[in-house]
Amino acid sequence: MRLLVIGSGGMLGRAVARDAARLGHDVVTLGHQQLDITDADHVARIVGAARARAVINCAAYTDVDGAEAHEGRALRVNGDGAGHVARAAAEAGARVVHVSTDYVFDGAKREPWVESDQVAPLQAYGRTKLAGERAVATAAAEHAIVRAGWLFGAGGANFVDTILHLGAERDEVSVVTDQRGGPTWTGHLAPALVELAERRGDVGVFHATGPGECSWYELAVEVLHRAGLRSRAVPTTSDAFPRPARRPAYSGLGTERAPGVVLPPWTDGLGAYLAEGAVAAAA
């Protein structure tokens, strides 16, 4: 199948392009340099010319705190841009897979959020991503909107890399215990997105979810332990780290769909990511 990956220069987009090629698809990749998704006419021309059977949109404004001061800029990418891509895909007869976030929820639940739960984002980033979901659903009948949380992987800034960096420099690293969610390795999410791109007729919102959840503190402890670093994670709360954007206290995702987007445990993903980094460092 001819597959167009938008946002292929980012952390998730790179993984999607790699896995799509590995799975035998004819892959066309477009990074920000080649495609500005905020330009509707440009998107329509480029997507139409690609003649893809499916489009996976990984392009996004992902600076959660930055979106508080620049919500308009984030909305142009996460909201309007997502709609432009979905509309162009629909006009080209392609299925669109759009990546969204667990931050569309307010964190008030204490059990996994499912696809039908009411959305209520706490911050600008979540509001712009929710606008994107609605734009995609309106623009393209053949769509899959995939919510995922706490992404980490090669090729982009992420929490795991931050802890590895700080753990190598400091004796202690303070990490919050009062935010819980489901870490997601791009190496697990990417092939699931490719598989979902093949499922024409299966439309709507999907939660990418795997067994287990943790706090940022528990994730940091696991990272330091598996990496063999002597640094110690010190538990603290969000009050000790005031930030522009509010984070949900609980954003773990579950699914009520069958078939859903079910991933391996996050601990498996962390182990694979650390092993991948070790191999790259030794090469």
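Helix axes here are lines fitted to C-alpha atoms over the stretch in contact, with angles taken between N-to-C directions. The model is a predicted one. As for handedness, H1 and H7 make a right-handed crossing. On the H1 side, the contact is built from Met11, Leu12, Ala15, Val16, Arg18, Asp19, Ala20 and Arg22, while H7 brings in Thr186, Gly187, Leu189, Ala190, Pro191, Leu193 and Val194. Sorted by class, the contact of H1 with H7 comes out at 10 nonpolar, 2 polar and 3 charged residues.

Another helix pair is H2 (residues 40-50) with H4 (residues 71-91). Their axes come within 9 Å and cross at roughly 35°, and the crossing of H2 with H4 is right-handed. From H2, the residues involved are Ala40, Val43, Ala44 and Val47; they meet His84, Val85, Ala88, Ala89 and Glu91 of H4. The contact of H2 with H4 splits into 7 nonpolar residues, 1 polar and 1 charged.

Turning to the strands, 7 of them make up an open sheet with parallel pairing, and reading across gives the order S2-S1-S3-S4-S5-S10-S13. The edges are taken by strand S2 (26-30) and strand S13 (261-262), each of which pairs on one side only.

Side chains of opposite charge can pair when their charged atoms come close. The structure has 16 salt bridges. One of them joins aspartate 65 to arginine 247, with 2.6 Å between the closest N and O atoms. This pair ties together distant parts of the chain, its two residues being 182 residues apart. Aspartate 65 lies in the loop between strand S3 (54-57) and helix H3 (66-69), and arginine 247 lies in the loop between strand S12 (232-236) and S13. S3 and S13 both turn up in the open sheet as well, with S13 as one of the edge strands.

Conventions
Residues are numbered from 1 along each chain as its sequence is written. This is a predicted model: local features need pLDDT of at least 70, side-chain atom pairs count only at pLDDT 80 or more; totals for chains, interfaces and linings use all residues. Side-chain values use heavy atoms; hydrogens and water are left out. A crossing is left-handed if the near helix is turned anticlockwise from the far one by less than a right angle, and right-handed if clockwise. Helices (H or I, at least four residues) and strands (E, at least two) are DSSP runs, numbered from the N terminus. Contact means heavy atoms within 4.5 Å. Ala, Val, Leu, Ile, Met, Phe, Trp, Tyr, Cys and Pro count as nonpolar, Asp, Glu, Lys and Arg as charged, and the others, Gly among them, as polar. Two strands pair if DSSP finds at least two bridges between them. A salt bridge is a side-chain nitrogen of Lys or Arg within 4 Å of a carboxyl oxygen of Asp or Glu. Axes are lines fitted to C-alpha atoms, for helices over the stretch in contact, and angles run from 0 to 180 degrees between N-to-C directions.
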